[in-house]
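Hi there,

Here is the structure I promised to pass on to you.

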Amino acid sequence: YQPTIALTGSPEAARRGESYMFTKASRLGVEAFTPTKLGSLTTKVEADFYNTTGSGIFRLRHAYGQLGSWLVGQTWSTFMDLDSTPETVDFNGPTGNTSLRQPQIRYTYVTPSAGNFIAALEMKANGGATSGDEMTRPPDLVLRWEKAAEWGHVALRGVTTENGIKSEDTTGSKRGYGVGLGGHYVLTDTTSLLASTSYGKGMGRFFNESVGGVADSAENKVYLPKELGVVVGVQQKFSDTLRGSVTYGQQRTLGGEYITVASADANRSVKSGT
């Protein structure tokens with residue numbers, strides 16, 4: 001996990017040269033399209049073994065139903081823009097991007113000329129944590145506008161989410177927000193340029209390499225980081241069965257109260273290239 005990479009000169013930085021192999025990313029899924037009086041009902045269930053405990057337990061990825069403009073269940077967050085996300089060998093995608101699946105209720109309003117307007121109420125998929133940005137009482141509100149054309153597409157995203165903690169020692173919360181802009185441009189029939197940027201304060205799980213909010217138990221106060229992410233990639237289609245991409249991603253934790261008070265040892269900048 002890149003935000004926890006040891007800083008140069010620290011004892012942890014002396015640990016180098018680890019190699020490992022696993023098959024936990026293998027996926028199993030079922031997708032169905034059922035005719036109804038209201039239109040086609042799309043349902044999907046997908047799982048893999050890539051859980052955070054490292055034990056290889058079956059993990060739910062997608063489980064939703066979609067009928068017309070409505071989607072209910074767990075799938076990619078509405079804050080994600082998959083069409084501007086370059087493909088990488090890194091399972092979590094490029095640094096500075098968003099890779100997140102959440103339970104949600106989503107509505108999409110489609111227009112022929114102005115694009116799609118999407119709104120969703122989302123909640124985190126895993127609960128139980130009571131620190132940092134892991135506690136959310138009201139659902140997250142996510143909005144996205146996207147428009148496709150022959151030259152590619154463009155998408156504008158926004159989210160507001162609560163960062164809170166409640167324990168025996170601390171009770172505090174602060175609302176975070178995030179905005180994003182991305183798209184892709186078709187250079188040739190086989191080559192596309194993809195780019196996206198995200199910025200916000202207290203985006204938490206909506207940001208791949210977020211350092212997360214922290215709480216000060218003495219003051220019952222939550223501190224949130226300001227974060228900026230940029231991803232650029234070129235995708236090349238070599239044949240109908242082979243394609244590749246070159247991608248650069250960067251995430252920065254910007255200066256402010258969070259850095260000076262809450263987490264002076266946090267990695268301020270993380271970069272990746274694939």
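**Salt bridges**

R144 and E146 join their side chains in a salt bridge, with N and O 3.1 Å apart; the term stands for a side-chain nitrogen of Lys or Arg within 4 Å of a carboxyl oxygen of Asp or Glu. R144 is buried at 13% relative accessibility, and E146 is buried too, at 19%. Here buried means under 20% relative accessible area, exposed over 50%, and partly exposed in between, using a 1.4 Å probe and protein chains only.

Before you read on: this is a predicted model, in which local features need pLDDT of at least 70 and side-chain atom pairs count only at pLDDT 80 or more, while totals for chains, interfaces and linings use all residues. Residues are numbered from 1 along each chain as its sequence is written, and side-chain values use heavy atoms, with hydrogens and water left out.

The search of the whole structure gave 8 salt bridges. One of them holds R59 to D48, with the closest N and O atoms 2.9 Å apart. R59 sits in strand β3 (residues 59-67) and D48 in strand β2 (residues 39-48), 11 residues apart. D48 is buried, at 0% relative accessibility. Another salt bridge brings E87 and R243 together at 2.8 Å, N to O. E87 belongs to the loop between β4 (70-76) and β5 (101-111) and R243 to strand β14, so this pair ties together parts 156 residues apart in sequence. E87 is partly exposed at 37%, whereas R243 is exposed at 51%.

**The chain as a whole**

Of its 274 residues, 38% are buried. Among contacts with a separation of 6 or more, 55% are between residues 24 or more positions apart, a contact being heavy atoms within 4.5 Å.

**Aromatic pairs**

How many aromatic pairs does a search of the whole structure find? There are 3, where rings of Phe, Tyr and Trp (its six-membered ring) pair if their centres lie within 6.5 Å, with planes under 30 degrees apart called stacked, over 60 edge-to-face and the rest tilted. F49 and F58 make a tilted pair, 5.0 Å centre to centre with 50° between the planes. F49 is partly exposed at 29%, and F58 is partly exposed at 48%. W70 and Y107 are tilted as well, at 4.9 Å and 55°. This pair links W70 in strand β4 with Y107 in strand β5, 37 residues apart.

**The end of the chain**

Strand β15 (residues 269-273) has V270 and S272 on its covered face, and S269, K271 and G273 on the uncovered one. β15 pairs with β14 (residues 243-254) in the antiparallel sense over 5 bridges; pairing takes at least two DSSP bridges between strands. Across from V270 in β15 stands Q251.

Key. Helices (H or I, at least four residues) and strands (E, at least two) are DSSP runs, numbered from the N terminus.
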